[in-house]
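Subject: Structure handover

Hello,

Here is the structure for your files.

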Amino acid sequence: MASSKPKKEFGNMTDASGDELKLLGVWDSPYVNRVQIVLNLKGISYEYIEEDLMNKSDLLLRSNPVHKKVPVLIHNGKPIAESQVIVQYLDDAFPNAGVLLLPSDPFERAVARFWAVYVDDKVGSPWYTILFAKEREEKLEAAARAISAMETIEAAFREKNAAEGAPFFGGDGIGFVDVVLGSYLGWFRVIEKMIGVRILDAARTPLLAAWAERFEAADAVRGVLPDDVDKVIDFLQTFLH
Amino acid sequence: MADEVILLDFWVSPFGQRCRIALLEKGISYEYSEQSLAQKSDLLLRSNPIHKKIPVLLHAGRPICESLIILEYIDETWSDKSPLLPFDNPYARSCARFWADYVDKKLFDSQTRLWKLKAGEADHEQAKRDMVETLQTLEKELGEKDYFGGDVFGFLDVVIVPFVAWFYAYERFGGFSVEEVCPRLVAWAKRCRERESVSKTISDPEKVYEFALYLKDKFGAK
């Protein structure tokens, strides 16, 4: 009896519905990590492809010709780039896969989007500067800006989420803002070793410190964020020459 | 009134104009509130304490900030007519969001450097190259389509169209012809201007150029 369905190839990662998902990434990128966390939260299987950013694959260059960056999610051959766009895409494309990262109420969605943009702008940009600026002064100044942003985020968490008794920005469960901010947690430890500054400090932002512990303990997060500080620092050196 | 809609805005802001176009497309009545950026009002500072910027949409007293976030809020709240993002096509939605992010990363930055930096200097030449490259990239993305979203005026068109009023300023500051660089984009701009929501909203190019000259005088490199 001939089947009209194509034979499932060995190593071809598809989820139950026959979707093919590939994630192009770099193991220590916060932007890649957050997508991995979301895929885990949704229980979606995918093929992970580690990219060499010094020698970008044809697939990456074809899939993200505009920015040539990771992460790129390729869903049944169609590429989606920009981590926050990818996360929202996963909510739209897999609405029945357990968790939704964004709330359903339009105002709450706007609030979540606002803070996600704020995090990548006010924590993410300094993160980049700390890694790649030549002068220590520049790194320290960037760290100070990131700390200031963390204090603002702490205040927002206190006023809203803590006031409601919610363990996460997303409420009872991990949401959009949690994965966006949480994706930097491994790097905060690296930065402390690199320049001796704590971006996340329980003395300054106790609510966020407690939140960070809860986030990192979640099943979907474990094993995703880089936890070997020295390995990250060694890897970073390859980009600094 | 409980459902009152107020937009805190500044007349020439392309980011504010995005919101005005969306509100018009959806037929939402709202109060337009022109803001002074030099002396920010209490309402603005209370509504957007973190960034202190316009546009801010106030709906039933609650503030929504950041133009792209406001657009999605408008689309989701008044979802019964004129959808900006296609509600049934996740991939098309992701493309619109990707390109909106590209516009916000590249276009506004390039245009600012064009008026701010001194003509003839190396950094101004770079700003001009960056602007041309950005316009060419958008031209390529538009392709043969009538609109960025396809056959129908949508989210990405709303995101980009306020900047067409700045094309004249790009030409004056950059010393290049926008029509030569991106003829299809120019044709798209004409097509969009035929929509009332757009023609009523986007600024007069001469006024935009005058405003950019004022900014150059005040903040530009000496």
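The notes below cover the contact between the chains and then the aromatic pairs.

This is a predicted model, in which local features need pLDDT of at least 70 and side-chain atom pairs count only at pLDDT 80 or more, while totals for chains, interfaces and linings use all residues. Residues are numbered from 1 along each chain as its sequence is written, chains are lettered from A and ligands numbered from 1 in the order in which they are written, and side-chain values use heavy atoms, with hydrogens and water left out.

Interface

With contact taken as heavy atoms within 4.5 Å, 24 residues of chain A and 23 residues of chain B take part. Chain A and chain B bury about 2,100 Å² between them, 71% of it on carbon and sulfur atoms; buried area is the accessible area (1.4 Å probe) that two parts lose on being put together, summed over both.

There are 6 salt bridges between chain A and chain B, a salt bridge being a side-chain nitrogen of Lys or Arg within 4 Å of a carboxyl oxygen of Asp or Glu. One salt bridge joins the side chains of Arg113(A) and Glu76(B), at 3.2 Å from N to O.

On chain A, strand S4 (78-81), helix H3 (83-93) and helix H4 (106-132) each supply at least two residues of the side that touches chain B. Helices (H or I, at least four residues) and strands (E, at least two) are DSSP runs, numbered from the N terminus. H4(A) gives the most to that side, with 10 residues.

Aromatic pairs

Over all chains the count is 26 aromatic pairs. Rings of Phe, Tyr and Trp (its six-membered ring) pair if their centres lie within 6.5 Å; planes under 30 degrees apart count as stacked, over 60 as edge-to-face and the rest as tilted.

Phe15(B) and Phe163(B) have ring centres 5.9 Å apart and planes at 80 degrees, so the pair is edge-to-face. Phe15(B) lies in helix H1 (residues 14-25) of chain B and Phe163(B) in the loop between helix H6 (155-160) and helix H7 (167-174), so the pair ties together parts 148 residues apart in sequence. Both Phe15(B) and Phe163(B) are buried (under 20% relative accessible area; exposed is over 50%, partly exposed in between; 1.4 Å probe, protein chains only).

Tyr168(B) and Tyr209(B) are also edge-to-face, at 5.5 Å centre to centre and 75 degrees between the planes. Tyr168(B) is partly exposed at 25% relative accessible area, whereas Tyr209(B) is buried at 12%.

In chain A, ring pairs link Tyr31(A), Trp127(A), Tyr184(A) and Trp187(A) into a cluster.

Regards
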